[in-house]
Amino acid sequence: MIVLGIESSCDETGIALYDSEKGLLSHVLHSQIELHAEYGGVVPELASRDHIRHLVPLMEQTLQQAGLTQKDIQGVAYTAGPGLIGALMSGACVGRSLAWALGVPAQEVHHMEGHLLAPMLEENPPEFPFVALLVSGGHTLLAHVTGVGQYEILGQSLDDAAGEAFDKTAKMLGLGYPGGPILAKLAVKGVAGVYRFPRPMTDRPGLDFSFSGLKTFALNTWQKLQVECEGQTEKLEQGQADVARAFEEAVVDTLSLKCRRALKQVHCKRLVIAGGVGANQHLRQQLKAMVKKEGGELYYPRIEFCTDNGAMIAYVGCLRLMAGESKALSIDARARWPIDELPSIRD
Amino acid sequence: MKLLALDTSTEACSAALSIDGEIKQHYQVAPREHTHLILGMIESLLQDAGLKSSDIDVMAFGRGPGSFMGVRVAAGVVQGIAFAHSIPVVPVSTLAAMASVAMQETGQTQVLAAIDARMKEVYWGAYCQDEAGQIVLQGEECVVAPEQAPVPAQGEWLTAGTGWASYGAIMRSALGERCVGSLPDCFPSAEAIARLAISAYQNGGAVTAAEAVPVYLRDNVASKPKSAL
């Protein structure tokens, strides 16, 4: 079965074609980062407008790359939530209507299920069960994954998502947009141990996260440093890198500690990291070392499938369509959609 | 020619099928239900005519102005269908469609169409029917404060649309006795869009599925931060 996947939940338009027999056939992505940069964050209305301009050209490109035409599409999957409602609706309208016109089934896909199963697109996919850490600008979630649609949430962020804390801290440090990756790059130049930030919620049992206090701690440290280094540009620049380093270490340590706890709690050896922050090299290295020490294995998607993409949506859509699911002749999108409400499917 | 038109730009949701100029329509005033209704309306029109989606020659849609989400729903649905079959699309002004509905209903030939654009503004367009029966825009469409609406200095006009329901008192003062009637609950309809699209198509007004995008008129939708933080 050849499924066209559409992702438009936030600020990336992603389209892909997945074949149940041959795997991923093609995928393209249009990022809106430049569009939102001058506003310092994603403007939902501008995001929606951009999606509706790019969906058809990207679908044309994706088919062309795979050497296929519209008539080869046997199912259409699109992200129906969670995310920005207007952005989701753009993709849902195009996707649902395309499926109807082609006379093929349509499938709504949960954005976070797409991320959780993205490592399945790689050559050495993890077997069920596994623990998944989903870390992005919108989510920080630990789940015990025992099958497709079988997600037990073990812990999640009580306030900011990890990626959000990265972006906000970067903004406070004056690092531009989107700040997370810029902060991570700067952290490489920072000296470890100059500052010691707290590891939030690690001194008590449980698998929930809280990152907003860490952001405030970074702000206070940075403001104090600015006063101390007045007129000393070089010292301030190094200090900025040191703060970035300390912040990143605190986040990575916290995530790593909770992952180890989660693996122990559910007696599992396999850990999957997904989501945009999963592209962070420091996080990958530390989790790899931790999992190795525990005698387990770490899995993650290629960098381009850590962030939002159409491939993961086409893949999940294909799994669910093959299991007999489909969407009625109506167009829906949900800003909120708890992942543990998803139906499970049997192999 | 088989032309399928749809509109979801305002509180009304409609789809119309024109077969060689004979138009059948499904129309429902149903705020916030458009995405649940539109594909069903289209399917039932085609079924009644014994047609499949691949039999459609041309698509048309209310390209705005109107609710941002509403005009995107129509654009998205049209894009999906037109892309599936590689057929052309005619984008039609929702203000022109309203003017056409109002003319059809009253027999008047000059209409000031205004949609309540929220934020104390209206989407505005003045339309006249020429001798050939074509509906012609006078000046430009715009989004404007009711006080600044470019009410023509001459001629008798019918007023139509929710803009007049919300700001009629302000906008009608410049019109005075030259107002020959009012249809404040007039909405665009897919039937009117189909009529307008047939002549626009014959005059080369069609675009590809990729080019079938909304016209919002209001483009200043976000303010840029004055400084970082």
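Buried area is the accessible area (1.4 Å probe) that two parts lose on being put together, summed over both. In this predicted model, chain A and chain B bury about 3000 Å² between them, and carbon and sulfur atoms give 69% of that.

A word on bookkeeping: residues are numbered from 1 along each chain as its sequence is written, while chains are lettered from A and ligands numbered from 1 in the order in which they are written. As the model is predicted, local features need pLDDT of at least 70 and side-chain atom pairs count only at pLDDT 80 or more, whereas totals for chains, interfaces and linings use all residues; side-chain values use heavy atoms, with hydrogens and water left out.

- Arg49(A), Ile52(A) and Trp100(A) supply 23% of the area that chain A buries against chain B, more than any other three residues.
- There are 12 residue pairs in polar contact across the interface, both partners at pLDDT 80 or more. (A polar contact is a pair of N or O atoms within 3.5 Å; within protein, one must be able to donate a hydrogen and the other to accept it, and residues adjacent in sequence count only if both atoms are side-chain atoms.)
- (Helices are DSSP runs of H or I with at least four residues, strands are runs of E with at least two, and both are numbered from the N terminus.)
- (Ala, Val, Leu, Ile, Met, Phe, Trp, Tyr, Cys and Pro count as nonpolar, Asp, Glu, Lys and Arg as charged, and the others, Gly among them, as polar.)

- The whole structure has 20 salt bridges over all chains, and 2 salt bridges are counted between chain A and chain B. (The rule wants a side-chain nitrogen of Lys or Arg within 4 Å of a carboxyl oxygen of Asp or Glu.)
- Arg49(A) reaches over to Asp219(B) in a salt bridge at 3.0 Å, N to O.
- Arg49(A) also pairs with Glu45(A) at 2.8 Å, N to O; these two sit 4 residues apart in helix α2 of chain A, so about one helical turn separates them.

**The second largest pocket**

- Its lining has 28 residues, with Ser9(B), Ser67(B), Phe68(B), Met69(B) and Gly70(B) nearest the centre.
- α2(B) gives the largest share of that lining, 4 residues.
- The lining divides into 11 nonpolar, 10 polar and 7 charged residues.
- (A pocket, on a 1 Å grid over the protein atoms alone, is an open set of points where a 1.4 Å probe fits, with protein on both sides within 12 Å along at least five of seven lines; lining residues have an atom within 4 Å of a point.)

- Most residues other than glycine have a negative phi, and most peptide bonds are trans.
- The Phe128(A) to Pro129(A) bond is cis, with omega near -5°, and Pro129(A) lies in the loop between α4 (111-117) and β6 (130-135) of chain A.
- Gly64(B) to Pro65(B) is cis too, with omega near 5°.
- Asp20(B) has a positive phi, near 50°, in the loop between β2 (12-19) and β3 (22-29) of chain B.
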